[in-house]
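Reader: I would like to go through this model with you, beginning with the ligand. Could you take my questions in turn?

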Amino acid sequence: MAENPPQVRLHNSLTRRTEPLVPTEPGRVGIYTCGSTVYKYAHIGNLRTYLFGDLLHRTLEYLGYEVRYVKNITDVGHMRNDDHDSIGGPDKVEEAAALAGRTPAEIADFYTAAWLEDEALLNILPADVMPRATDHIDEMIALTETLLRKGLAYEVDGTIYYDVSAFPDYGKLSGQRIEELHAGHRVEVESDKHDPADFALWKRAGEHRLMKWPSPWGDGFPGWHIECSAMSLKHLGERFDIHTGGIDLKFPHHEDEIAQSEGALGHPVVGTWLHGEFLTMADAKMAKSTGNVIRVADLAGLGHEPLAFRHLALSAHYRSKLDFTADAMHAAASGLARLRRAVASAPDEPVDLASEPMASYRARFIGAIAEDLGMPAALAVAHEVASANALSDAQRRALLRDFDRVLGLSLDAPSPGPAALPDGATKLLERRAAARAARDWATSDALRDELAAMGVEVRDTPEGQVSAPSNRPPGRADGTTT
Ligand code: AMP
Ligand code: ZN
């Protein structure tokens with residue numbers, strides 16, 4: 001740990017203010033990020049949120065903090081309609097397993113590995129702990145028992161609900177009021193809850209349920225929200241510093257986590273809540289459920305390396321929406337190439353970053369990242385350095401390599417071309433693009449099959465067709481998953 005890490009300010013969703021970060025233990029920061037639900041490939045919208053967690057992680061380490069970073073794996077309990085209106089269902093992982101003719105564990109393992117590969121391609125540093133929900137069932141049952149004992153939860157026929165009316169602070173994060181929740185709920189779909197705003201901590205297993213565990217209330221499985229309370233408390237303790245996630249997790253997921261963790265312990269647990277805004281495409285949220293998605297693997301087919309997307313993500317503040325367009329990706333790729341040229345063209349000589357004018361550039365970079373992760377301003381300083389006449393080639397290189405500890409753009413690496421496709425694939429892709437332009441769907445489909453036989457996967461996106469060497473998800477013997 002550095003003697004005195006510089007003051008960091010962060011926008012706390014709970015207080016709606018940008019506040020100094022005051023760690024529970026001086027110089028050390030514990031961070032929890034809600035991880036992926038591993039039933040499908042992560043898309044670059046999900047990855048924007050994990051990039052934002054990575055930038056927080058890297059920024060704090062760069063500034064001299066000792067960071068303990070926990071990011072979970074949701075492999076059970078996240079239901080398709082996980083709102084407060086219903087018990088939800090089906091479980092996303094179980095549903096994907098049934099469709100693919102595989103076990104839930106096989107599905108979870110496959111998509112966990114795919115997610116982590118994508119993270120690695122985007123230079124997202126591994127978390128210190130990646131707990132799986134299914135490894136923490138005992139902790140979830142214990143927490144549920146505590147909430148029952150404290151009068152904050154009740155049982156109805158093997159299912160345990162949280163009684164939101166018993167927790168006066170309910171709504172403090174999202175600003176939702178219980179009365180408004182009542183008005184917005186479809187009461188009829190959930191007849192056994194005392195109140196439509198209550199939510200399930202533990203759910204009784206139905207007859208065909210595969211993932212289920214014995215509990216004091218019979219066989220069942222955890223709710224999605226209790227998972228993050230149990231895993232964060234176990235791996236970061238009863239008071240920790242920062243909790244992150246995408247903006248859509250603020251309600252109900254994080255509101256419910258606060259009700260559970262604080263309800264059980266009787267005191268605040270998380271110091272700062274941070275929420276990242278969405279990545280959009282054609283101004284609509286990129287979403288797994290609608291299929292309006294681009295994956296990291298698709299970027300090569302669009303002619304870009306994954307790190308160009310990282311540069312794009314750095315160019316927008318985490319609390320602003322970012323629209324994914326072909327133009328923005330091209331601009332990001334040329335920005336990345338420009339920074340890399342400044343590093344590659346310079347000699348690797350020792351440079352003292354504490355002397356002028358390097359110290360001034362560094363101070364500006366630090367000022368930007370420490371002020372609510374101001375990556376656009378930090379990136380602008382990096383681009384200024386890349387063309388600063390006042391700096392020698394070696395000084396430019398040394399500064400950019402130093403900034404790259406946060407930016408994570410592999411500025412030392414040569415810019416690679418797009419992923420290589422097998423011989424002949426490019427011709428077929430051109431013919432297919434022409435067939436689609438002529439609305440000749442039969443030819444287009446035939447060419448897609450021909451490409452698939454060569455091991456090239458083609459998908460149609462709002463940006464046109466994209467292709468990549470295929471990495472087939474687990475499915476039936478014929479490869480179908482539906
Ligand atoms: P999920 O796997 O659906 O639980 O989502 C994983 C993370 O991705 C959560 O933090 C979501 O808030 C976040 N997320 C989902 N869609 C987007 C998007 N379009 N842009 C940014 N983050 C997203
Ligand atoms: Zn969570």
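Author: Ligand 1 is surrounded by 18 residues, and the closest are Gly-45, Thr-49, Asp-248, Leu-279 and Met-286. A residue counts as near when one of its heavy atoms lies within 4 Å of the molecule. This is a predicted model, in which local features need pLDDT of at least 70 and side-chain atom pairs count only at pLDDT 80 or more, while totals for chains, interfaces and linings use all residues. Residues are numbered from 1 along each chain as its sequence is written, chains are lettered from A and ligands numbered from 1 in the order in which they are written, and side-chain values use heavy atoms, with hydrogens and water left out.

Reader: Which atom of ligand 1 does the side chain of Thr-49 approach?

Author: An N or O atom in the Thr-49 side chain is 2.7 Å from a nitrogen atom of ligand 1. A nitrogen atom of the ligand also lies 3.0 Å from a backbone N or O atom of Gly-45. For Asn-46, a polar side-chain atom lies 3.0 Å from an oxygen atom of ligand 1. A polar contact here is a pair of N or O atoms within 3.5 Å.

Reader: And how much of the accessible area of ligand 1 does the protein cover?

Author: The protein covers 94% of the 500 Å² that ligand 1 has on its own. Accessible areas come from the Shrake-Rupley method with a 1.4 Å probe.

Reader: What is the volume of the second largest pocket, and what classes make up its lining?

Author: The space in this pocket is about 850 Å³. Its lining has 13 nonpolar, 15 polar and ten charged residues. On a 1 Å grid over the protein atoms alone, a pocket is an open set of points with protein on both sides within 12 Å along at least five of seven lines, a cavity is a set where a 1.4 Å probe fits but cannot get out, and lining residues have an atom within 4 Å of a point.

Reader: How many cavities are there, then?

Author: Four cavities of 30 Å³ or more are found in the whole structure.

Reader: Finally, the backbone. Where are the cis peptide bonds?

Author: One runs from Phe-251 to Pro-252, with omega near 0°, and Pro-252 lies in helix 7. Another joins Glu-356 and Pro-357, with omega about 5°. Pro-357 is in the loop between helix 10 (326-344) and helix 11 (358-370).

Technical notes: Points joined across faces, edges and corners; volume = space filled by probe spheres on them. Polar contact = N/O pair within 3.5 Å; in protein donor to acceptor, adjacent residues only side chain to side chain. Nonpolar A, V, L, I, M, F, W, Y, C, P; charged D, E, K, R; others polar. Helix = DSSP H or I, 4+ residues; strand = E, 2+ residues; numbered from the N terminus.
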